[in-house]
Amino acid sequence: MKYVDEFRRSEWALALAQRIQAEARPDRRYRLMEFCGGHTHAIARYGLTALLPGNIELIHGPGCPVCVLPIGRIDSAIALVKEHAVTLCTYGDVLRVPATKGNSLYRARAAGADIRMVYSSADALELARRKPEREVVFFGLGFETTTPPTAVALLAARGENLRNFSVYCNHVLTPPAMTHLLSDGADMLDGFIGPSHVSTVIGAAPYRPVAARYHRPIVITGFEPIDVLQAVHMLVRQINEGRAEVENQFTRAVTEQGNLRAQACVAQTLQLRDPFEWRGLGMVPASALAIRPEFAAWDAERRYNMRESAAADAKACMCGDILRGLKKPEDCKVFGTACTPASPMGACMVSSEGACAAHYQYGRFLRKAPKTTAGAPA
Amino acid sequence: MKRIRIDGRPLDLRNGRIDLTHGAGGRATAQLVAELFAPHFDRGENIWLRQGNDQAIMPPLNGRLAFSTDCHVVTPLFFPGGDIGTLAVNGTVNDLAMGGAKPLYLSAGFILEEGLPLADLLRVAQSMARAAAIAGVYLVAGDTKVVERGKADGLFITTAGVGVVPDGVELDGARAQPGDAVIVSGYLGDHGMAILSQREALGFDSPIESDCAALNGLVAHMLEHCPSLRLLRDPTRGGLANTLNELCQQSSAGMRIDEAALPVRPAVRAACEFFGLDPLYLANEGKLVAVCAAEDAAGLVRAMQSHPLGREATQIGEVCTDTHGFVRMTTNFGGERLLDWLHGEMLPRIC
């Protein structure tokens, strides 16, 4: 497959690994956070950690859409379906996120709620068109990647005056979360493997103030294994040279300004929400989007007068610390025992992009048995 | 399945639909059986179906009896490369064949939803008859029930089947031993992707056809060439990854799989990339996994490749000692990762 296979070639990976090995200074640590769950997934799936020297540490960041969704938002969605008998449409992963009292959207569905898995906001819109007698609510969530489709659905709903459709908006923003992480503990991180798909929408420009303010390099990186290794190499060079720039490794898809049309759709329909609770990070200033008042008729929160409900995570679960990069999945007492992908306690175990699920699915034998990695330089 | 001559107007097989009378056990039920199922299942020689009693009585069997059952629910009912009927016949035939049995007789239970077009049901009956003929089995007993509209997804079929295991054949999922070779019979994930491509929500066209096929012929051929065959399993729901994990649990061993050796069609790979899915978790309906002694592997693969259903057969890895029963995969990339059970439903990634 063109543009995929080339970025998975092992001989190139090994060459890059050797270059990283040669340039990484043995007298220092390189703590690099991959912000996106997509990178976490790729790192686990391709066993990239094994290709890197021990002093380069990859820290999993909070960029997993379902992982950072606070329990209260899921509780509110369950309450909405129960109280107003609406049809709730959302992305598959969300269905499994644990809510309070062992509940989840999956369980609510089994108990009779009309909750449907869709692949895009357009499917929810189409359902509303086909079933005018049903009130259809699209549970929109995710980073800047999934925000434009929600915006387009809002524009279409207004254009068609589709009155039985609304959006429960939970979209969040990447640069404010990076700022928050650095303001909280900049000394914990030496650089960022920057978002891939998110950056195709917002471009490279929004990261520049973050890099400059905290003097940390950010390399925008594709989701393939060669992309990640190349980004690590670029970060090691920047750190060695004392630079803190925004560099773009993912040039085949990311431009400086990003997708202007997508940005315009978002700007037309959504506005800043300040602050917003992130699971694990707490309240993050100016880090989310809400629907503009002009679109109030299609805003589920206004239309159904949805309540904000606050709920704490399970006590034993370390998702919070894991999402901030303070702990690793295997540091958590319930990892792989009480908490598995089949019965997740925390959100990091739900999505394949979550740090715990990725580690459980691809790498947990590394913990149980001595390392016997084939073909990887130590 | 009773054969009764029905007087009066024949079923309108072109425009008619299933209604509740077809399930009431009266004249309409008998007519449905007599005009829609029996003519196709009979094949001019099905003397057991013709007995017309509440049971079919078969001659004594020469060997150990293998017995299996399989329920089939699929949306859509018709898909490229097959339909629910071919699945229902081949599913049970393959379950029997994986024990080394020669499948002989099947029964079929039909749950029909009120409103199901008779033309659709006829098409399914015809493809079941065709699949049975290809597999060399007879449909000897059946039952139909009708449920109200909305209580079933058009049509559910449950088949059960019996077969005979020849003396000396001892296939068992617990027999994999460290050092054994792990072999697959061909391209992985075709059925799962063919079904996914037909779901309206995904809205993509693909040339991928289901691999739905009866594997008893291939199995007989393999047994002839490789008496040391330890086990067979068809990687249906949950795909290859789940099947390998099942086998490791049963055999208390681990496996090492080589990603570069896994046969996956470029179209399936591409579609999986696009949706964030993994072909190793997609269902197959005409493929098998075989484990045999390492020294017999090359001969077995050659024998499989000489059969139409095993042309792309290849060794994909080996059994190893592992107290945790892990399936490890050496990636194309030179790393190693776990090939785990499927957890929950397979879902496309959001980001």
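This is a predicted model: local features need pLDDT of at least 70, side-chain atom pairs count only at pLDDT 80 or more; totals for chains, interfaces and linings use all residues.
## Chain A overall

Chain A contains 14 helices and 13 strands. Its radius of gyration is 21 Å, close to the 21 Å that the globule rule gives for 378 residues, so chain A is as compact as a globular protein of that length. The C-alpha trace of chain A spans about 65 × 45 × 40 Å along its principal axes.

Buried residues make up 53% of the 378 residues of chain A. Contacts in chain A between residues at least 6 apart in sequence include 76% that join residues at least 24 apart.

## The five-stranded sheet of chain A

Five strands of chain A form an open sheet in the order S2-S1-S7-S8-S9, and their pairing is parallel. At the edges are strand S2 (56-63) and strand S9 (246-248) of chain A, each of which pairs on one side only. On average, neighbouring strands of this sheet are turned by 25° against each other, direction ignored.

Helix H10 (residues 225-240) of chain A packs on the sheet and touches strand S1 (30-36), S2, strand S7 (191-194), S8 and S9 of chain A. The direction of H10 makes about 155° with that of S7(A).

Strands of a sheet pair through backbone hydrogen bonds, either parallel or antiparallel. Strand S8 (residues 218-220) of chain A pairs with S9(A) in the parallel sense, over three bridges. Within this part of the sheet, Val219(A) has Glu247(A) in S9(A) as its bridge partner.

## The largest nonpolar core

The largest nonpolar core has 230 residues. The residues with the most contacts inside this core are Cys348(A), Met128(B), Ala132(B), Ile183(B) and Ala290(B). Domain 1 (20-165) and domain 2 (181-338) of chain B each supply at least three residues to the core.

Ala132(B) touches Val89(B), Leu106(B), Val137(B), Tyr138(B) and Leu139(B), leaving aside residues up to four places away in sequence.

## The two domains of chain B

Chain B is divided into domain 1 (20-165) and domain 2 (181-338). The C-alpha centres of these two domains of chain B lie 27 Å apart. Across the boundary, 19 residues of domain 1 of chain B are in contact with 19 residues of domain 2 of chain B.

On the domain 1 side of this contact, the elements that give two or more residues are helix H3 (84-97), strand S4 (102-113) and helix H4 (118-135) of chain B. H3(B) provides the largest share of that side, six residues.

Note on methods:
Residues are numbered from 1 along each chain as its sequence is written. Chains are lettered from A and ligands numbered from 1 in the order in which they are written. Two strands pair if DSSP finds at least two bridges between them. Helices (H or I, at least four residues) and strands (E, at least two) are DSSP runs, numbered from the N terminus. Axes are lines fitted to C-alpha atoms, for helices over the stretch in contact, and angles run from 0 to 180 degrees between N-to-C directions. Two residues are in contact if their C-beta atoms, placed from the backbone, lie within 7 Å. The radius of gyration is taken over C-alpha atoms; the globule rule is 2.2 Å times the number of residues to the power 0.38. A residue is buried if 20 or more other C-beta atoms lie within 10 Å of its own, exposed if 12 or fewer, and partly exposed in between; C-beta atoms are placed from the backbone. A nonpolar core is a set of buried Ala, Val, Leu, Ile, Met, Phe, Trp, Tyr and Cys residues joined through C-beta atoms within 7 Å. Domain bounds come from an automatic or database domain assignment.
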